[in-house]
Amino acid sequence: MQKSVLSVWPQVNLAAMPPLDLFQEVEKFSWTSSSEKHCLGATTAAERVKRYLDAVQAQSLARAAALAAQAQTVPPGATFDPIDGIDAVAAESCLALNITRGVATHQVVNSIEICQDLPAIWRLVYDGKFDWRAAVSVNTQMRNRLKPGSPAWEAVQKALAQQLPGKNQRQAIDAAKREIQKVDLNAARNRYEEAVKESCVYAYPLADGMGGLTVKLRADKVMLINSMLDALADSCRDALQRAGVPDARSHQERRADALVALFQAVHDQNPLPYLSEPRSTSDAFSRQAAPFTEGCILGWWQTPHTPRQQGRKPHLVVTISADTLLGTDDLPGDLQRFGAVPADLAREIARQAGQVTVIPVGTPQHGPGDQASCTEPSTRYKPRQKVIDQVLGRFQHCVHPGCSRDAVQCDIDHAIPFAEGGESCPCNLVPLCRFHHRLKTHGGWKMRLTRPDEPYPTGSIEWKSRLGQHHVEEPPSMPGVPDRATRDRIREEEWQSELRRVDPGNRTVPAEPEVRFGEPPF
């Protein structure tokens, strides 16, 4: 009996196999008598087939809508609204797929838009390199800010087609926002100025005696509020732990109570951080702190004593290139936990900075993975605060592939263990969330920072899973530093320019014909 290719995963590259062949392998698969590797191989193959089918379904819906539009006829003098191709196909899909009209319409519209206006992104889905849901998110981000078919639209599509393979939905949205802001800096500035005028707070009722708030503010203000609510909630938790009183509330409940307490104190004209002593023992705050003065209790958030994360009190972190900071260009900055922000906002935040951390970039600089050139003076296990700040400035999320945990909430881990000679230096430190830290230490996974002499961008991390998967995670792009795809494009443009200078008659280097090898003759 021939051995299934799924049983030797991950040694075999399933992504290189035709999806229909993979489908046949999945059909033959039996999960009741298969190994762990075999099951995960079938899972990987099924996802590859699913992406292929998502792309085929999108093209089919787009084509069906075009044909339906041609088939619709409107009698002369008709007073009713004609049924267009989208509505006609959506109605058929409702019945055929047992879905609502709204869902069917969204499917048809997304299919038409992506197939017609984002063919390069559709191709990534067809080839199994990108998820259809992420493609829909990218399409939404682009349509909200750019005109389909415009030069800016095509430039963003070209850049994303090189960046998105292997990215998850959040990473794709972040990349789309960043490229949209870079492609037309003046338009990005105008959109930002108009958006600021739309700042608002709405209150609305919810079921079961609850209510909701919707807030639209500048990104830095939102992140300030969010960081402080986290700190106040953690401060309450820690104070109760020290007092030996367990707090059954969730983190989100404590955040909500902190928000209410702040406004309650202002309403009652109490100087923060003090509250009037509650009259009822059922009040949420009656168990939070001991009496401080007659009639008042110390607010449980204790603002001067908010917990620290990675050695810092709640704060904003914006990463911005030196040229943007000096005003010589207007490339977007990066607000930690939020993403790309306009240059004007990034500069405004930077001007209020209590501390500036310089992150050297470029090949000659001592960077991640370059332990051979390490000059870190400290020999202790715990890194210096300056070192921690540099690590968190370069890596703003957990470095495990696809993890979005903020770096300030992660452990600072030694790539080469300290006990094995690893330095407590930015060349050997990365943020790992607690789960992925345990996975690396106790779960059989291995991690390695690539060396400067290897063909990877500085800060790339090689991962090997317990079952043998191999993956090289390239570092996140930094403001003002081109990613690998952009660097390759710049090098190609410089090469073509040099060829035209040397030989004006030579416009482009002819592409080498693709050689396809047939089956071996044996």
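**A hairpin, a helix pair and a covered strand**

Start at Asp208, which takes a positive phi near 60 degrees in the hairpin of E1 and E2, where five residues sit between the strands. The model you're looking at is predicted, so to speak of local features takes pLDDT of at least 70 and side-chain atom pairs count only at pLDDT 80 or more, while totals for chains, interfaces and linings use all residues. Residues are numbered from 1 along each chain as its sequence is written, and side-chain values use heavy atoms, with hydrogens and water left out.

Strands here are DSSP runs of E, at least two residues, and helices are runs of H or I, at least four, numbered from the N terminus. E1 (residues 200–205) and E2 (residues 211–216) run antiparallel, joined by six bridges; two strands pair if DSSP finds at least two bridges between them. Val201, for one, has Val215 in E2 as its bridge partner.

Now step back to the helices. The axes of H8 (residues 169–183) and H9 (residues 185–196) cross at roughly 110 degrees and come within 5 Å. H8 and H9 are therefore roughly perpendicular to each other (65 to 115 degrees counts as that). Ile180, Gln181, Lys182 and Val183 of H8 make the contact with Leu185, Ala188 and Arg191 of H9, contact meaning heavy atoms within 4.5 Å.

Further along, strand E9 (residues 411–414) is covered on both faces. Asp411 and Asp413 on one side, and Ile412 and His414 on the other, are all buried (under 20% relative accessible area, 1.4 Å probe, protein chains only). E9 pairs with E10 (residues 429–432) in the antiparallel sense over four bridges, and Asp413 stands opposite Val430 in E10.

Note on methods
Axes fitted to C-alpha atoms, helices over the stretch in contact; angles between N-to-C directions. Parallel < 35°, antiparallel > 145°, perpendicular 65-115°, else oblique. Buried < 20%, exposed > 50% of the residue type's maximum accessible area, 1.4 Å probe, protein only.
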